[in-house]
Amino acid sequence: MWQLFAKDRERGERMAVEAAGIYFDYSKNRITDETLGLLLQLAGESGLRDHIDAMFRGDKINVSEKRAVLHVALRAPRGASILHDGQNVVPEVHAVLDKMAAFADRLRGGAWTGHTGKRIRNVINIGIGGSDLGPVMAYEALKHYSERAMTFRFVSNVDGTDFAEAVHDLDPAETLFIVSSKTFTTLETMTNAHTARDWLLAGLNGESAATAKHFVAVSTNAQEVAKFGIDTANMFGFWDWVGGRYSMDSAIGLSTMLAIGADNFHAMLSGFHAMDEHFATAPPDRNLPTLLGLLAIWNSNFLGASTVAVLPYAQYLKRFPAYLQQLTMESNGKHVTQDGERVNYETGPIYWGEPGTNGQHSFYQLIHQGTRLVPCDFIGLCQPLDPLGNQHDLLVANLIAQSEALAFGKTANEVRAEGVSPALVPHRTFEGNRPSNTILAERLTPQTLGALVALYEHSVFVQGTIWNIDSFDQWGVELGKALATQTAAEIAAPDEPKLRHDSSTNALIRRYRALREPRR
């Protein structure tokens, strides 16, 4: 990498692209112009252009489920036309957005009150997977813009501790639950929803009518929603062409809208749409998602990197790496092609990370001097939302310095020149030549967040296209869920069940049954 920069003094400026408020510097990758040209050729031969057009056109590109993939319609402006089975879905999308906005205005303004007439001050989103990770990430990312007189919490884990801690200090009379489940049958979500209803009614003298004033639903199953006790007028729908991990800008984002208001939510959608338009129209060699996806292919399939570290130098983005874990690994963690043939190459690198500068005092040691190649995505903002002295300058200085250190390292001769003893020279040497991308935006606004999420969404799409896999199904989550249903029945059996699992599973069930009750 040192040689590449020495040969081309303008490499840093030349290998950078800007769109939708996002500046993307990919110069610190182990690539030449020839490498990039060949990667772009690979994209062309993989039919990337046709796949992009097919997605925006509403073709059923989720082949295993025979569904369209139209999350781009969720942020299309009024008046746009995106077809699904010959029908323009954009008016439906905006009808739901309008319904969400009207509800948000009522609740935030105090017109919507709880069963006792008290104002709602606490909102708890109950969901799991995409119905949780997106809303949690967006709330944390946009907390600066949120209504601070209200408390927002999120429950996803079926572990009862998650719910107990979320409601520990709350008044049921002032609490609203959003239950997010497309089918309204998701095991973890509905278990927590029933627990929430029991908690609410216990605090409101068992008055079942209270449910309708303290619960709303994000679902498509009106029958189950009504059976639960929620007024279907307060049910916010979405569609089969929205995958869970692509749904934070749909009705799944109701908690986000309640927190930041309808105007800021629409600003976030405009950021999404700006990146969508860029992805759909920009030439491949100046296309941010295409370049990000191709570089991930290069680092994974050609350089052998098995992970990507996402390192936001922004505390508000602390949940962004966790959000990307689902987006990337649930999408591209596949072992067969779209035709059902076993792949003979690696797919789906592991995405992980923590905010800088915390990670510098944790795992950066391995990134700098370990034996594994870990490509990094550094994410930074040029203007702080909470300016405190020179702290933001120091934060960004660390971001820039880390990418420089990874790229160029420190040679043994440089270490010796500092007077370091010969025995310590190997320990103080940095090989460098470790790839990274740097993503900068002016300020963390709702628009910025939308554009950033869309950048990674479309990068995932690019990678899946190159690998010829279906990035939009998730069959891998089903087997464990199915087995858990059987295991739960065996655990709950009043008499010793007849177990027909392997010896390990049988022993674990028996041990748990023996120890689950506290000893007297």
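**A guided tour of the predicted model**

Residues are numbered from 1 along each chain as its sequence is written, and side-chain values use heavy atoms, with hydrogens and water left out.

Next, switch to a cartoon view, where 21 helices and 13 strands make up the secondary structure (DSSP runs, H or I of at least four residues for helices and E of at least two for strands, numbered from the N terminus). The C-alpha trace spans about 75 × 65 × 55 Å along its principal axes.

Now colour by burial: 51% of the 520 residues count as buried, meaning under 20% relative accessible area with a 1.4 Å probe, protein chains only.

Then select Trp 241, Leu 258, Leu 317, Phe 320 and Tyr 456, which touch the most other members of the largest nonpolar core, a set of 111 residues (buried Ala, Val, Leu, Ile, Met, Phe, Trp, Tyr and Cys joined through side-chain atoms within 4.5 Å). Helix α19, residues 446–467, gives this core its largest share, 12 residues.

Centre on Phe 320, which touches Met 137, Val 310, Ile 379, Leu 452, Val 453 and Tyr 456, leaving aside residues up to four places away in sequence (contact means heavy atoms within 4.5 Å).

Finally, select Ala 166, Leu 204, Phe 215 and Ala 217, which are among the 25 residues of a second, separate core.

How values were computed
Predicted model: local features only at pLDDT ≥ 70, side-chain atom pairs only at ≥ 80, totals over all residues. Buried < 20%, exposed > 50% of the residue type's maximum accessible area, 1.4 Å probe, protein only.
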